[in-house]
Amino acid sequence: MQELVNRAAELLADGSVARVLGWKAGDLPYNPEPAYFKNAEDLEQFVYNGFCGANLSKYMIEASKQSGKTLIFLKPCDTYSFNQLLKEHRVDRDKAWIIGVGCHGKLDIEQIREQGVKGIEQVEEEGDRLKIQTLYGEKELSYQSAMLERCSVCKGKEHKIYDELIGESAETGSGERFGRVEDVEAMSPEAKFAFFRKELSKCIRCNACRNVCPACSCRKCVFDSNQFDSAQKANVDSFEEKMFHIIRAFHVAGRCTDCGECSRVCPQGIPLHLFNRKFIKDIDELYGAYQAGEDTDTKGPLTDFTFEDAEPGIVAERG
Amino acid sequence: MYKIEAKNLNALFQMIAADQELYLPVRSGGQVNFAYWHKDAEVDLETLNSVKSPKDAFFPQSENLYTVKRDAGRMSIEPEELKNQKFVIFGIRPCDVKGVEVLDRVFLVDPLDTYYAARREHGTIVSMACSEPEETCFCKVFGIDCGEPAGDVAVWKVGDEFYWKPVTGKGEALTAKVVSLFDEADETKVEAQKEAVRKIADRLPYSNLSLDGWDGGALEEKFDSILWEELHKPCLACGTCTFVCPTCQCYDIKDYDTGSGVQRYRCWDSCMYSDFTMMAHGNNRTTQMQRFRQRFMHKLVYFPANNDGMYSCVGCGRCVAKCPVSLNIVKVVKAFQDRGGDQ
Amino acid sequence: MSGCTCNKEHRQDTLIPQIGIITDIRQETPDVKTFRVDAPGGGKLFEHLPGQCAMVCVPGVSEGMFSITSSPTNREFQEFSIKQCGILTDYLHSMEAGSEIMVRGPYGNHFPVETELKGRNLLFIAGGIGLAPLRSVINYVIDNRGNYGTIDIVYGSRSADDLVQLKEIQDVWMKTEGVNVHLTVDQEQEGWNGNVGFVPTYLKELGFSNDKTALVCGPPIMIKFVLAALTEMGFGKDQVYTTLELRMKCGVGKCGRCNIGSKYVCKDGPVFRCDEVDELPDEY
Amino acid sequence: MSIEAKHKFKPKIVAFCCNWCSYAGADLAGSSRLGYPADVKIIRVPCSCRVNPMFILRAFEKGADGVILCGCHPGDCHYSTGNYYARRRMTLLFSMLDFLGVENGRTRVEWVSAAEGVKFSTTMNEFVEKVASLGENVRLGDLRCRN
């Protein structure tokens, strides 16, 4: 971490960058927040640890509008989002100084709480163990058991775009990316319906998934527009919650890098990544493997076609 | 005071639910939220805070106000039936009970909100003292004693026993109905538990938070502070904090055309949304900084100004736990505390 | 519960509107129409005081807060002057006389016509559609002429065609004794022989003495410069009243939209004295 | 639902038809006196590609039991390539609906040219029959619209 701070201070000092976009230590052991740093003094609060899961690439949209370069720290999977934003001309490459930071998987406080940890006072990362001091005694967990879901299907330790790299990364993926999707696909229509009914009925329409999503960068979202019937704001009926999530997933289909931020931020723990992965899986199967954010110039699958594409009837045919 | 063993709780719920609705913390899809009790519901009284606050019981996320029908070119208005059945809400934490008191200050003042009032009239609150507060809790800062909940009936969980104490007339009435399941009990164990939980509350990291300087008179100083510009930066403008909050009461009124009539319903809204104050001639809060500031100013300055110094925050800690970018009211108060308003 | 009385009271919940009939629509200017609204059986839907507002709702479209432009002294009906500028107002402008709409109200406070303003010389300053709330006061004052001193009305608009209520201005106000009407338009225009220039400038040219109470309503930018001009002319903050406009939904100070400082514009406003406005955070 | 009631059930169908082909195909079906159930409500669109996934969902919301999209045959799009994009979009959307447990027989895409009145008629008859066999759409509608 100190290496990151030193380099940031250096770049600020020599005027290469006007500000630094990173993570600031929180007031609890697990709640750092995205923040801008303007000088070495600010940087005293800089932190980079297992809880820095927030993907900073979307903040670059605003930072691109400011004068001077912004130093941005990106984890390997964040670089996919950055690339995608670049492809869509939402961020300015010349305004960003990208330091690729190492990542060994990020932690999910909900996973920690799920394991019965209450009253957290201190969290220490020691190799593959987490030592947690709580009001009710000490707990020890394996790092892996407390990781974000997305880290179990890690896209790899390679940064797709950067100016310099600091730190080592490790691939943390051990899970099957489409495992959960396949489980659901194998269910009967009744069971699928019941499963999503249970999950989606938790939705409170707080829009956290949308607002955190690097692909959801429309200036005005269709769900905020009072021009149409779409700004219903609340899930008054079970239809509305399906509508919101299907359409949101559809609008990012072919652009979603599977960064997993939507699932990370959902206050109700809805596995929102299932929708995105379903689209990714279909796209891979029907139109050829495609990873959004892999590069900045290929055409997205929904802005492209071939003459031989499958007919929509294939959905019914594969049963 | 009465007591009942944990293994008999189900019988208690069944008895309460025999002639009225029972609303309590239920685990579904991995999350605990207040929901109607049924015999297969997975009741969870261990989890400290439900994800959504129990304010839904009195102020639902969406509710129909009335329906407009058109018949032979003539409009008619059918108001929605008010809540006319008694219900019990079980297991509300002390902070959330206080949250209901805050909502009362909004909906029960003139002009009365009859939809809310009807629910309040028909609802009996069975509150439950905390036994294991979490690091996100700061109810103590608002003078709430998490060992001594308000409400119509107060309940304490001590080991495998639940202690039950009716507090109000409504509480007595409910107790009379179910007293056959209870044993008489004295308060010794409960008192010990209260002491223990107060000790924990003192040790919580946020319990020393100071609200000095936050009151109805602090408008100008706080409003003009340059800290907002910095504090709001990570804010995503989502509505998580407002929707999990037990006291946020802003709402929107919207229309839904069903094809056979228009339902006018109200639903929670969030001051964090860009269209919150949008009107045809423009928007008086054009930046996220202004919207962010509004939420905290309302809770800590505007609301106390109108309500004899009562804050519209109860320290439940939901926003602390749920904000996607770890922003929250505590960080705001601390920033002012550490650095003064005008730094 | 059978003993419960709330369903009866419920009919009176302030969020539930009444049905009104649009009995007349007057095209005032290219984008302003005045709607006359009666109760279905004739007469007014409710009583109001000058400056109060009401929520006009079209089911399935939207609802919006509009000032009631007719005077309470009008015993037969209420009027709303509405400028076409959004989804709801577009729809209202497409409606015809005889249509039903829903109205709830009245909401908010009012100009203190029976207290502070009584016996005072009054100076009304309006720009464009800003005349709508003031018209209610002006007619109230004219109908109770004996209770007030001199009346000056400064009214300006983009062009002569955009002057609202011109007929009433010419036929009634100009002909009432002790009422001086000063009209102005922003730009030179054929057929206009009155004053040309913005309201604040014209106000300074007219140069009123500060023994009056001013009531100001118009676009925010006009209000800003009018206030400056009035201060220059020696008016105290407590001698000037204006109205604020913020997004409103409930009308009863609960939904939180029009919250500004510790005030709710729908309940504590829309009429504010300028020294009260100064106490509000700068967010309107 | 009893077998009898099922027979009586008349599904509401929304058909989005491309102005340049299927809409004319429907016309031809009509003028050739080829019948198709009156429960099929046609909405004319400038191109199959105009159909936003939200249109399909909205139709279900407001009470449709089945939604069909008809456009020009691949290669014949009036705007050259519109229907190729529509094809990908609809495939993904239908797959998602299937994923959510909405019976996949309720959605369909068919390419019908202006000359194919017969195809239009048989497609509609088949589709209505299929949807009728699935019964009322209870999984993807707004309850408020059902009265």
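1. In this predicted model, the centres of domain 1 and domain 2 of chain C, taken over C-alpha atoms, are 24 Å apart. The domain assignment places domain 1 of chain C at 15-107 and domain 2 of chain C at 121-243.

2. How many residues of each domain of chain C are in contact with the other? The contact takes 15 residues from domain 1 of chain C and 15 residues from domain 2 of chain C. On the domain 1 side, strand 1 (18-29) and strand 5 (78-83) of chain C are the elements that give two or more residues. By class, that side of domain 1 of chain C has five nonpolar, eight polar and two charged residues.

3. As a whole, chain C contains eight helices and 15 strands. Its C-alpha trace spans about 70 × 40 × 35 Å along the principal axes. The radius of gyration of chain C is 19 Å, which agrees with the value near 19 Å for a compact globule of 284 residues. Of those 284 residues, 51% count as buried. Among contacts in chain C between residues at least 6 apart in sequence, 71% link residues at least 24 apart.

4. Chain C has an open sheet of seven strands with mixed pairing, in the order 10-9-8-7-11-12-15. Strand 10 (195-196) and strand 15 (271-273) of chain C are the edge strands, and each pairs on one side only. Within the sheet, strand 11 (residues 212-217) and strand 12 (residues 240-243) of chain C run parallel and are joined by three bridges. C:Ala214 stands opposite C:Val240, which is in strand 12 of chain C. In general, strands of a sheet pair through backbone hydrogen bonds, either parallel or antiparallel.

5. Which residues have the most contacts inside the largest nonpolar core? They are C:Phe124, C:Ile125 and C:Val226, in a core of 314 residues. The largest share of this core comes from helix 4 (residues 82-99) of chain D, which gives eight residues.

6. Neighbours within four places in sequence left aside, C:Ile125 is in contact with C:Val154, C:Val199, C:Leu203, C:Ala214, C:Val216 and C:Val226. One of these, C:Ala214, is the residue that stands opposite C:Val240. Another, C:Val226, is among the residues with the most contacts inside the core.

7. Chain B also has two assigned domains, domain 1 (2-186) and domain 2 (219-339). Their centres, over C-alpha atoms, are separated by 25 Å. The contact joins 31 residues of domain 1 of chain B to 26 residues of domain 2 of chain B. Strand 4 (62-71) and helix 2 (94-107) of chain B each give at least two residues to the domain 1 side. That side of domain 1 of chain B divides into 15 nonpolar, eight polar and eight charged residues.

8. Chain B has 11 helices and 14 strands, and its C-alpha trace spans about 65 × 65 × 40 Å along the principal axes. With 343 residues, a compact globule would have a radius of gyration near 20 Å; the 22 Å of chain B agrees with this. Buried residues make up 52% of the 343 residues of chain B. Of the contacts in chain B with a separation of 6 or more, 70% are between residues 24 or more positions apart.

9. Why is helix 3 (residues 114-122) of chain B described as largely enclosed by the rest of the structure? Seven of its nine residues are buried, so helix 3 of chain B is largely enclosed. The buried residues are B:Thr114, B:Tyr115, B:Tyr116, B:Ala117, B:Ala118, B:Arg119 and B:His122.

10. Between chains A and B, 34 residues of chain A are in contact with 39 residues of chain B. Strand 2 (33-37), strand 5 (120-126), helix 6 (189-200) and helix 7 (208-212) of chain A each give two or more residues to the chain A side. Strand 2 of chain A gives the most, with four residues. The chain A side comprises 17 nonpolar, eight polar and nine charged residues.

11. Chains D and B also touch, through five residues from chain D and five residues from chain B. On the chain D side, one residue is nonpolar, two are polar and two are charged.

Conventions. Residues are numbered from 1 along each chain as its sequence is written. Chains are lettered from A and ligands numbered from 1 in the order in which they are written. This is a predicted model: local features need pLDDT of at least 70, side-chain atom pairs count only at pLDDT 80 or more; totals for chains, interfaces and linings use all residues. Two residues are in contact if their C-beta atoms, placed from the backbone, lie within 7 Å. Ala, Val, Leu, Ile, Met, Phe, Trp, Tyr, Cys and Pro count as nonpolar, Asp, Glu, Lys and Arg as charged, and the others, Gly among them, as polar. A residue is buried if 20 or more other C-beta atoms lie within 10 Å of its own, exposed if 12 or fewer, and partly exposed in between; C-beta atoms are placed from the backbone. The radius of gyration is taken over C-alpha atoms; the globule rule is 2.2 Å times the number of residues to the power 0.38. Domain bounds come from an automatic or database domain assignment. A nonpolar core is a set of buried Ala, Val, Leu, Ile, Met, Phe, Trp, Tyr and Cys residues joined through C-beta atoms within 7 Å. Two strands pair if DSSP finds at least two bridges between them.
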